[in-house]
Each structure stands twice: as structure tokens, then as C-alpha cells.
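Reader: I would enjoy going through this structure with you, one question at a time. Could you put it up for us?

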Amino acid sequence: MGPVSCRLAGHPIPDDGSLSAGIAMLSFAAECQEGDLVLFFLSGGASALMEAPIEGVSLKDLATVSDHLLKAGASILELNAVRSRLSRIKGGGLGRAFGKATVVCFVLSDVLGNDLSVIGSGPLWKPSQLDAFAIAERYDLTKQLSEAARAALEEPAASGGTEIRHVILGDAGLVLSAAMAASKIHRLKPLVYGHPMTDEARIEASRLVDQAKILTPPFCLIATGETVVKVKGQGKGGRCQEFACAAAELIKGWPNTAVLAGSTDGTDGPTNVAAGVVDGDSADQAAISVRDALAENDSLRFLESCGGLIRTGPTQCNLNDVYMIVRLA
């Protein structure tokens with residue numbers, strides 16, 4: 001085996017770098033033999049960063065799947081169920097490529113519940129049994145795909161999977177623990193919101209703010225999950241930025257209050273922004289109204305104009321998003 005190499009690839013839409021990384025990983029797997037021990041480290045994001053389409057399916061098909069379903073507001077379970085059918089890597093494909101080598105997979109989970117078929121689209125796990133073709137039809141996707149891709153989606157999912165041990169190193173629970181510890185350092189009462197954030201970003205923002213209304217300050221209300229955004233406008237942003245943008249109107253005029261929504265990997269949507277943060281004055285300070293920003297999915301411009309963007313750069317970690325409302329006395 002040669003030295004460790006690093007490959008750059010697209011996210012959340014796979015690109016030529018993703019294809020190069022996927023082919024390299026399959027080639028590496030083919031070199032492994034019985035008696036070899038492979039320590040495989042897997043994180044959310046691998047679905048886009050490492051790709052190799054099945055025969056007859058193009059990288060364009062896979063890019064179309066990701067782009068269309070993300071903009072349509074599909075859940076991560078639905079998205080991964082569809083693209084797994086079109087990939088030689090996902091749904092246990094890479095696990096089978098390792099043959100008789102012993103593989104142990106260490107996982108950083110960005111999926112609530114730690115479903116191993118969903119994290120990174122389960123390259124070393126059994127495939128999702130969701131009806132991929134029905135999902136594609138529901139989101140009006142099939143007519144945008146090649147004939148080979150449509151045919152692959154109609155095939156039943158493979159049963160069974162590889163016998164590869166998976167060890168969860170970190171997940172949303174780790175994010176909550178870290179946020180709670182930070183709250184205590186600043187003498188804020190940490191409160192965990194009991195429902196995962198999986199609905200539309202603007203809807204979840206309203207729910208979290210409603211919860212904050214009935215709490216007695218000072219507190220730090222914390223939630224995790226991954227919301228979705230139904231993209232209808234021509235603006236730019238991500239799910240966390242849209243959450244923060246929606247929250248700005250909901251807490252308008254509130255004193256001593258701030259809302260943060262951030263991606264733990266440092267990249268929110270197709271931007272270099274990690275998080276959005278707003279307070280009771282943000283809606284009045286922004287150059288664009290919350291209503292217009294949400295209508296155009298232009299949360300980045302809204303937050304940029306009111307000083308609400310946080311850029312951390314890549315964190316080398318992906319453990320769901322984190323949402324916080326801090327309210328002082």
C-alpha cells in the first residue's frame with residue numbers, strides 16, 4: 001500500500017473529484033486480501049465526496065438526484081435511498097468490494113438515530129429498503145434521469161449486507177453535551193428541546209421560538225437535527241441560515257435574546273458559511289426584509305447585511321446541526 005493521499009471533492013453535489021475518490025476507494029478495496037485489517041473512518045458527507053455510478057448511469061444522473069431532492073425538501077432517508085440504487089459504493093457496495101478483508105468502521109454520525117444505512121449512504125452496511133422509484137416519482141424526479149437510471153430505481157433493493165463492525169464515535173448526543181457544557185460555563189441554564197429538527201427550517205424556527213416564549217430566563221435552549229429547505233427562489237443560503245433568518249422576525253424587539261443555527265461541519269448548504277446568528281434587532285438592521293429573504297431563499301444576503309454570518313472553515317467533523325436560543329434576564 002502506498003502513502004496516505006487526500007482528495008478534494010464536491011459537497012453536497014458530487015463532482016469529478018467525487019468520482020475520482022470513489023474509483024480510488026474501490027481500487028484500494030480490490031487490493032485488500034484475507035488477513036488484512038482495514039480501519040475505515042466514515043462521516044456524514046461521504047455520500048457526495050465518494051462516488052462511483054453503476055454501469056449505464058452517469059455522474060450527471062447522481063448530481064441531478066442530489067440537487068433536485070435537496071431543493072425539493074426531501075429527507076436524508078429519501079435522498080440516500082434513491083442515490084444508493086445508482087451507486088457502486090453506497091448501500092453496502094464498498095463493503096462487498098473489500099471481499100474477505102477484515103474491516104472495522106468508525107463512524108461520526110450526522111443522522112438522528114444513527115441509522116447505518118443512511119450515514120454516508122451506508123457504504124459498508126446493508127442497503128435501505130425504501131421504495132426508491134416511488135420516492136423519485138413523489139418528487140417529480142424520474143423524468144430528469146436517464147433511462148438506465150430510471151430502470152435501476154425500479155429494481156428491488158438488494159437484501160442482506162456485509163458483516164462489518166461499526167463503532168459510533170460521535171453523534172448528535174455529543175453536540176448536545178458540548179453545548180450544555182458551554183452554557184454552564186457562561187452561567188446559563190441549559191435546556192434541551194425534546195424534538196429533533198427535521199421539518200422545514202422556517203417551521204422549526206417558529207417551534208423553537210414558541211418554546212422559548214414560555215421559559216424563564218436566563219437560559220440556553222438547545223436542539224439538534226437537520227432541517228430541510230424547499231428552494232423556490234434564486235437567492236443563496238443554507239438550511240441553518242434560513243432558520244436564523246426566519247427566527248429574526250420571530251424574536252424582533254426581544255431584549256437580551258439571540259438565536260444561532262449552525263452546521264457542525266462548517267459548511268451550510270452551497271456556501272462557505274457555518275452558521276447564522278440573529279438577535280432582536282437583526283430584522284430592522286438587515287438590508288432586506290425577512291419576508292423577501294425567505295421568498296427568494298436569500299438568507300445569506302439577509303444575514304450578511306445585519307452581521308449575522310459565522311465562518312469557521314471546515315471543522316473536519318459532521319454531527320448534525322445545532323440550534324440555540326440564548327435569553328438573558
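Reader: In which sense do β7 and β8 run, and how many bridges join them?
Author: Happy to start there, with a predicted model in which local features need pLDDT of at least 70, side-chain atom pairs count only at pLDDT 80 or more, and totals for chains, interfaces and linings use all residues. Residues are numbered from 1 along each chain as its sequence is written, and side-chain values use heavy atoms, with hydrogens and water left out. Strands (E, at least two residues) and helices (H or I, at least four) are DSSP runs numbered from the N terminus, and two strands pair if DSSP finds at least two bridges between them. Strand β7 covers residues 275-279, and its link to β8 is antiparallel, with two bridges.

Reader: Which residue in β8 is the bridge partner of G276?
Author: β8 spans 309-310 and is one of the edge strands. Within β8, G276 has as its bridge partner L309.

Reader: What is the order of the strands in the open sheet?
Author: The sheet has six strands, and their pairing is mixed. β6 and β9 are joined in the antiparallel sense by seven bridges, and β6 and β7, also in the antiparallel sense, by five bridges.

Reader: How many of the seven residues of β6 are buried?
Author: Buried means under 20% relative accessible area, exposed means over 50%, and partly exposed lies in between (1.4 Å probe, protein chains only). β6 is mostly covered, and its buried residues number five.

Reader: Which helix lies across β6, β7, β8 and β9, and at what angle to β6 does it run?
Author: Axes here are lines fitted to C-alpha atoms, for helices over the stretch in contact, and angles run from 0 to 180 degrees between N-to-C directions. The helix is made of residues 239-250 and lies across those four strands. This is α10, at about 165 degrees to β6.

Reader: Why is α9 called oblique to α10?
Author: The two helices pack with their axes 8 Å apart, at an angle of about 45 degrees. Angles under 35 degrees count as roughly parallel, over 145 as roughly antiparallel, 65 to 115 as roughly perpendicular and the rest as oblique. The angle therefore makes α9, relative to α10, oblique.

Reader: Where is E200 found, and is it buried or exposed?
Author: E200 sits in the loop between β4 (189-192) and α9 (201-213). Contact means heavy atoms within 4.5 Å, and, leaving aside neighbours within four places in sequence, E200 is in contact with T227, V228 and K230. Its relative accessible area is 19%, so E200 is buried.

Reader: How far apart in space are T64 and I13, C-alpha to C-alpha?
Author: T64 is in helix α3, residues 59-72. In sequence, T64 and I13 are 51 residues apart, while their C-alpha to C-alpha separation in space is 8.3 Å.
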